[in-house]
Amino acid sequence: EGDEEEEEEEEEVVEADAALEKYKVCFDESLDKVEFPADTVAEVQQTWQAFLAHAASQEAAGELLFNAWWEAAPSLHSAFVSPQKVLHLRLFLGFNAVVANLGNPSALKIEAEQIAFRHLDRPVKPAFVDIFREAAVEMLEAELTPAHFNTRARVGWQALLNYLGGALCYVSREYSGRVKIILRSWRTANNITEEKEKDPEAEE
């Protein structure tokens, strides 16, 4: 039985050889554990550290990401509802955690899930992911030298952003409807309770 569980666990992981191929696009049919190639992990992590050194602060790094997205998607400005300084820090913290766990399939999936559930009220679609991915990659390419952002880094970042975007799309599609039903039921139950409190003899 233990051996069967180990086999099932292994089947859940998209292996390194297939990961870059699978996430050439935003894949939103499932949220998988992914084992990215070791050299890709190292390249993305080195690029992120170079970017942080270039930006000089956590908030500045988040601001560069946010501005790239803001300029690339004017029609989606209404989706950014928090104060911009708060968004800058959230972007940094989210990306920092994801990049740090890029070589750990289980931890990476958990980070992707957490980010996705924080955006459950956003109607995320693959087309939006394409816009944000290209904007982020182009920003990194513009801010860093070719020595810090080479072809391998570009491929790695595109795959990572497609993975994250797919996670947001998958969770939004699979869970947002269920959450709405739960909230609607909760509001209905609360209204019934309030009516009973106002009129204790309503059931008598």
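Is Lys 24 buried or exposed? At 57% relative accessibility Lys 24 counts as exposed, where exposed means over 50% relative accessible area, buried under 20% and partly exposed in between, with a 1.4 Å probe and protein chains only. Before I go on, please keep in mind that this is a predicted model, in which local features need pLDDT of at least 70 and side-chain atom pairs count only at pLDDT 80 or more, while totals for chains, interfaces and linings use all residues. Residues are numbered from 1 along each chain as its sequence is written, and side-chain values use heavy atoms, with hydrogens and water left out.

Let me stay with Lys 24, whose side chain meets that of Glu 21 in a salt bridge at 3.3 Å, N to O; by salt bridge I mean a side-chain nitrogen of Lys or Arg within 4 Å of a carboxyl oxygen of Asp or Glu. Glu 21 also counts as exposed, at 51% relative accessibility. By this rule the count comes to eight salt bridges, and Asp 28, Arg 173 and Glu 174 are linked in a network of them.

Another pair is Arg 152 with Asp 39, at 3.8 Å, N to O. Arg 152 lies in helix α8 and Asp 39 in helix α3, so this pair ties together parts that are 113 residues apart in sequence; helices here are DSSP runs of H or I with at least four residues, numbered from the N terminus. Arg 152 is partly exposed at 44%, and Asp 39 is partly exposed at 38%.

Leaving aside residues up to four places away in sequence, Trp 48 touches Leu 65, Phe 92, Phe 95, Asn 96, Val 99 and Trp 157, a contact being heavy atoms within 4.5 Å.

Finally, the largest pocket is lined by 30 residues, with Trp 69, Phe 80, Leu 91, His 119 and Leu 168 nearest its centre. A pocket is an open set of points on a 1 Å grid over the protein atoms alone, where a 1.4 Å probe fits, with protein on both sides within 12 Å along at least five of seven lines, and lining residues have an atom within 4 Å of a point. Helix α5 gives the most to this lining, with seven residues.

Technical notes:
Helix = DSSP H or I, 4+ residues; strand = E, 2+ residues; numbered from the N terminus.
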